[in-house]
Every structure is written in structure tokens, then in C-alpha cells.
Amino acid sequence: MALISIVYRLSNRRVVSSRVSVLRNQTNVFHPASSSSPCSRPLHPLTSHTMAAPSAAADITKAGDIQNARRIIEDSVGEKGLNLLINNAGAVRWQSFNDITEENLLFHFTTNTVGPVMVLKEMLPLLRKSAANKTDGLSVSRSAVLNISSTAGSITTLSPSSPLGTDYLKVMGYRVSKSALNMAMKVAALTMTNEPGILLVNMCPGWVKTNMGTDRAILDVWDSVSDIIKTLPTLNESHHGTFLDRHGNTIPY
Ligand SMILES: NC(=O)c1ccc[n+]([C@@H]2O[C@H](COP(=O)([O-])OP(=O)(O)OC[C@H]3O[C@@H](n4cnc5c(N)ncnc54)[C@H](OP(=O)(O)O)[C@@H]3O)[C@@H](O)[C@H]2O)c1
């Protein structure tokens, strides 16, 4: 039996939606955008279940944009609600501690931490609606939030021998904002435990060849997204509030 879900991604200053159909062990995703971001390319040949849906401009640092996006999504999903929100938008501006400015820190915090939290708050009623339509446990097909975080936000794993070595220290604002995102979303996850049905996970996509990841990265967008899509249907209660890599393995906060 096929599970049909609707995915909304907030990135590229647009809300882009696409249908995802999970056919037994095979997942098909269509994403109409041509951005270099993860989640922007088809993973498998499209199926009859796959279709594009409306998109809307959305800068996630602007409350009005987020509200407008919610209205468009609401009109599109109706009583079914929203079953998967992927908070993918993110930004980086290289600056090490020696050069760090208040502006740099606030820029990252606004985009990478505050933005995703505000998006989640705005979309929560739609996620609740989807959760209420089913009674089984937590899953992506019922109602879920996937926050695209980064291992760069892991305090535990930061060491001089981290991948890229000391280069990693030069993205101080980014690191701080992703750590804050992880904490904010863990708090959200634990708060939402009181309203069962919505699964929340933070995930690192790996080091990916995008504008942010640069050509030095080790993964093509296709490989990263493909791994994420394979992992999504395996997520359940045990993953709620956790920080995972794209294969579903735990990353220490
Ligand atoms: N690439 C990696 O190696 C890597 C590793 C770990 C985590 N990540 C995370 O993966 C996610 C995607 O990053 P990426 O690699 O695809 O980076 P990217 O190539 O720089 O793309 C970032 C995307 O986020 C959008 N964005 C930035 N600020 C926004 C805002 N205020 N409102 C709405 N959209 C905004 C950008 O839209 P515009 O083009 O309009 O600016 C762009 O589509 C980010 O959360 C990033 O932190 C990436």
C-alpha cells in the first residue's frame, strides 16, 4: 500500500511543496526547484503519485512571509494538514573568533535559529491537524518536523581533529547558531511530548557540494538527499528530539 505525503520545504526564500510517495521500501520525491540546496532534485523517477504544488516567497527572517506561506500551505493541504515540515534554509558567513562581530553573530542567530523556530510555531496548527488524522505512533507519514542542522553545531565533537581542522573554527557564528537551533528544537520536542503525534528530529545532511558546502565537499546533493529520504520512513518515537546524521545515526549534541 502506498503512503502519500506532502512535503513542504522552506528554502530559497520560497515555500516549495512536492508530493512524496513511499511505496514499500522505495521512496519517490519530486522537487520542482532547481536550487543547489539539499532537497532540490528528484531522487528517483517520478511516479503517478508525484506532482508539484504551489510555492510562495518566504524569507524566514520575516514574520509576514512565514504567515503568508502558512496561509498558502493551509489552502493547499486543507483538512489533511501538513505531515512533514523540513526546515532547510540556512546561511553561513565565515568569520573566526578573532574577527567576530555582533552583526555576524546576530545574522546567524536570526537566520539559522530564530527563523526555523518561528516557522515551526506558525506551521504547528497544520502539523497538529495531520497528527490528529492518525492514531498510531510517531512517524513522518503522520506528522513530523525535520530540522536540517549541522555537525558544526555539535559541541561534543568539536576538536582540532574535526574534519577541515581549524578551518571549522572560522565559522563561529554558524556553529553557535546551529548549537542554538539544536537546543531550541530539543526544547520544542520535549514540549510537544504533551501533544502526541508530532515527531521532531534534527539532522545533519553531511558535507554537501552546495553553495555553502563548496566544491571541496565530499557528497553530491543527490547522495545526501537520497540518504535522508531513505532514513525518513525509519524514524519513530525513539528518534524524537534527537540529533542524527543522514543515515539515522545519533550525533552527540
Ligand atoms: N552544504 C553542507 O555541507 C551542509 C552541511 C551541514 C548542514 N547544512 C545545512 O543544510 C541546509 C541547506 O544548506 P545548503 O548547503 O543548501 O546551503 P546553500 O547552498 O547556501 O543554500 C541555502 C539555502 O537557504 C536559503 N536561505 C538562506 N537564508 C534564507 C532566509 N532568510 N529565508 C529563506 N531561505 C533562506 C537560501 O536561499 P537564497 O538562495 O535565496 O539565499 C538557499 O536556498 C542549511 O540549513 C545548512 O546549514 C549544509
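A residue counts as buried if 20 or more other C-beta atoms lie within 10 Å of its own, and as exposed if there are 12 or fewer. Keep that cut-off in mind for this predicted model. By this count, buried residues make up 42% of the 253 residues in the chain.

Begin with the overall order. The chain holds four helices and eight strands. Along the sequence they follow the pattern β-β-β-β-α-β-α-β-α-β-α-β.

Now take strand 7, residues 199-203. Five of its five residues are buried, so the strand is largely enclosed by the rest of the structure.

Strand 6 covers residues 144-148. It runs parallel to strand 7, and five bridges join the two. Within that pairing, Val-145 stands opposite Leu-200 of strand 7. Strand 6 also has five of five residues buried, so it too is largely enclosed by the rest of the structure. Ala-144, Leu-146 and Ile-148 point one way from strand 6. Val-145 and Asn-147 point the other way, and all of these residues are buried.

The pairing continues from both strands. Strand 5, residues 84-87, runs parallel to strand 6 and is joined to it by four bridges. Here Leu-85 has Val-145 as its bridge partner in strand 6. Strand 8, residues 243-244, runs parallel to strand 7, with two bridges between them. In that pair, Asn-202 is partnered by Phe-243 of strand 8.

Ser-154 and Phe-243 are 89 residues apart in sequence, yet their C-alpha atoms are 9.1 Å apart in space. Ser-154 is found in the loop between strand 6 and helix 3. It has 19 C-beta neighbours inside 10 Å, so it counts as partly exposed.

Helix 3, residues 172-192, contains Leu-190. Leu-190 has 12 C-beta neighbours inside 10 Å, so it counts as exposed. Leu-190 and Gly-241 are 51 residues apart in sequence and 6.9 Å apart in space, C-alpha to C-alpha.

The bend is about 50° at Leu-124, and a proline, Pro-125, follows within four residues.

Helix 2 packs with helix 1, residues 63-77. The angle between them is about 25°, and their axes are 10 Å apart. Angles under 35 degrees count as roughly parallel, and the two helices are therefore roughly parallel to each other. Their crossing is right-handed.

One backbone detail remains. Thr-214 is found in the loop between strand 7 and helix 4, 221-231. It has a positive phi of about 65° although it is not a glycine. Thr-214 has 10 other C-beta atoms within 10 Å, so it is exposed.

Definitions and conventions. Residues are numbered from 1 along each chain as its sequence is written. This is a predicted model: local features need pLDDT of at least 70, side-chain atom pairs count only at pLDDT 80 or more; totals for chains, interfaces and linings use all residues. The bend at a residue is the angle between axes fitted to the seven residues ending there and the seven starting there. Two strands pair if DSSP finds at least two bridges between them. Axes are lines fitted to C-alpha atoms, for helices over the stretch in contact, and angles run from 0 to 180 degrees between N-to-C directions. Angles under 35 degrees count as roughly parallel, over 145 as roughly antiparallel, 65 to 115 as roughly perpendicular and the rest as oblique. A crossing is left-handed if the near helix is turned anticlockwise from the far one by less than a right angle, and right-handed if clockwise.
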